[in-house]
Amino acid sequence: MKELGLISKLPINRFTDFGAYLALSSGEELLLPKGYLKGEEKEGDEIEVFVYTDSEDRPVAVTQKPLALLDEFAVLEAKEITSFGAFVDWGLPKDLFVPKSEMGKNMEVGQKYLVKVCVDFKTNRLIGVNKYRDFLRLAPMDWEEGKELEGVIFEETDLGFKVLIDNEYEGLLFKNEVFQPLELGEKRKVYIKKNREDGKLDLQLLPPGRIKYDEGSEKILAILEAKGFMPLHDKSAPEEIQQHLGMSKKHFKQCIGQLYKARMIQIESDGIRLNASN
């Protein structure tokens with residue numbers, strides 16, 4: 001079935017008490033359950049649906065879109081672990097099954113993992129594959145330092161945060177160069193720091209040429225870039241600054257002084273704000 005795992009526009013052939021039967025390109029029919037109908041459809045109407053298999057491995061159509069289609073990656077949360085594999089949440093009523101043989105590491109409930117949606121040709125159903133390195137390629141040699149890319153944060157390690165680029169390449173943001181919170185599954189703009197000989201990419205969050213400040217100043221900038229305003233100032237209590245930033249009041253005043261001189265921030269009576277020109 002060529003529609004399996006994909007979004008397709010399929011015409012309604014007929015209606016039953018259970019829903020509508022859609023026509024496949026093969027000439028067969030596929031059920032769209034009644035719960036996905038608005039009640040105003042008629043025979044011949046085309047409906048955009050996602051095709052997968054239900055809990056009894058029967059092909060079925062839904063109008064919901066999963067977090068990843070066939071041959072796409074997504075960072076998915078493990079919902080259940082069994083002796084034969086794991087079930088991960090991909091945004092549909094039926095969780096996606098990751099066979100134990102396709103796990104790169106032992107999964108834990110509540111943790112997020114990079115998973116690729118594939119077809120198990122033995123059962124003709126969709127499965128998840130966590131052995132992501134089987135699908136990755138070496139980064140193009142002509143990608144130069146400073147090149148802007150978009151990536152998905154997919155794993156945190158002792159060294160830093162692994163990033164998936166274009167569903168094909170792997171990069172790393174070093175932890176000692178990250179001064180802002182990152183979430184697994186988050187899409188971020190990143191820049192090539194070094195295109196390594198092993199085909200992997202050393203990445204950075206800052207565009208090339210931007211001045212780097214000390215760790216405290218970068219932390220403040222990261223918060224301001226995310227929220228625009230921070231309700232802390234040079235009259236704030238030391239305990240409040242420590243609670244929010246994990247730094248002393250003296251260090252905080254040094255940091256905002258440095259950023260103010262660089263015209264990165266505005267200091268107001270009730271807090272500090274990112275300069276509109278940045």
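Me: Which residue of E10 stands opposite Asp120?
Reply: The model is predicted: local features need pLDDT of at least 70, side-chain atom pairs count only at pLDDT 80 or more, and totals for chains, interfaces and linings use all residues. Strands are DSSP runs of E with at least two residues, helices are runs of H or I with at least four, and both are numbered from the N terminus. In E10, the residue opposite Asp120 is Arg125.

Me: Which residue in the turn of the E9 and E10 hairpin has a positive phi?
Reply: E9 and E10 form a hairpin with 4 residues between them. In that turn, a positive phi of about 60 degrees belongs to Asn124.

Me: How many of the 5 residues of E10 are buried?
Reply: A residue is buried under 20% relative accessible area, exposed over 50%, and partly exposed in between, with a 1.4 Å probe and protein chains only. E10 is largely enclosed by the rest of the structure, because the buried residues among its 5 number 4.

Me: Is Thr53 buried or exposed?
Reply: Thr53 belongs to strand E4, residues 46–53. Contact means heavy atoms within 4.5 Å. Leaving aside residues up to four places away in sequence, Thr53 touches Leu4, Arg58, Pro59, Val60, Lys94, Asn124 and Arg125. Its relative accessible area is 5%, so Thr53 is buried.

Me: What is the average twist from one strand to the next in the closed barrel?
Reply: The closed barrel has 5 strands, which run E11-E12-E13-E15-E14 with mixed pairing. From one strand to the next, the twist averages 55 degrees.

Me: Which residue in E13 is the bridge partner of Phe161?
Reply: Strand E12, residues 160–165, and strand E13, residues 169–174, pair in the antiparallel sense over 6 bridges. Within E13, the partner of Phe161 is Leu173.

Me: What is the relative accessibility of Asn167?
Reply: Asn167 lies in the loop between E12 and E13. Although it is not a glycine, Asn167 has a positive phi of about 60 degrees. Asn167 counts as partly exposed because its relative accessibility is 37%.

Me: How many nonpolar residues does the contact of H1 with H3 contain?
Reply: The axes of helix H1 (residues 215–227) and helix H3 (residues 249–261) come within 9 Å and cross at roughly 70 degrees. H1 is therefore roughly perpendicular to H3, where angles under 35 degrees count as roughly parallel, over 145 as roughly antiparallel, 65 to 115 as roughly perpendicular and the rest as oblique. Nonpolar residues are Ala, Val, Leu, Ile, Met, Phe, Trp, Tyr, Cys and Pro, charged ones are Asp, Glu, Lys and Arg, and the others, including Gly, are polar. The contact has no charged residues and 4 polar ones, and its nonpolar residues number 6.

Me: What separates the C-alpha atoms of Ile267 and Ile256?
Reply: Ile267 lies in strand E17, residues 265–268, and counts as partly exposed at 39% relative accessibility. Residues up to four places away in sequence aside, Ile267 touches Ile256, Tyr260 and Ile272. Ile267 and Ile256 are 11 residues apart along the chain, and their C-alpha atoms are separated by 8.2 Å.

Me: What is the radius of gyration of the protein?
Reply: The protein comprises 3 helices and 18 strands. The globule rule, 2.2 Å times the number of residues to the power 0.38, is compared with a radius of gyration taken over C-alpha atoms. The rule gives 19 Å for 278 residues, and the protein is more spread out than a compact globule because its radius of gyration is well over that value, at 25 Å.

Conventions
Residues numbered from 1 in each chain as written. Heavy atoms only, no water. Pairing = 2+ DSSP bridges. Axes fitted to C-alpha atoms, helices over the stretch in contact; angles between N-to-C directions.
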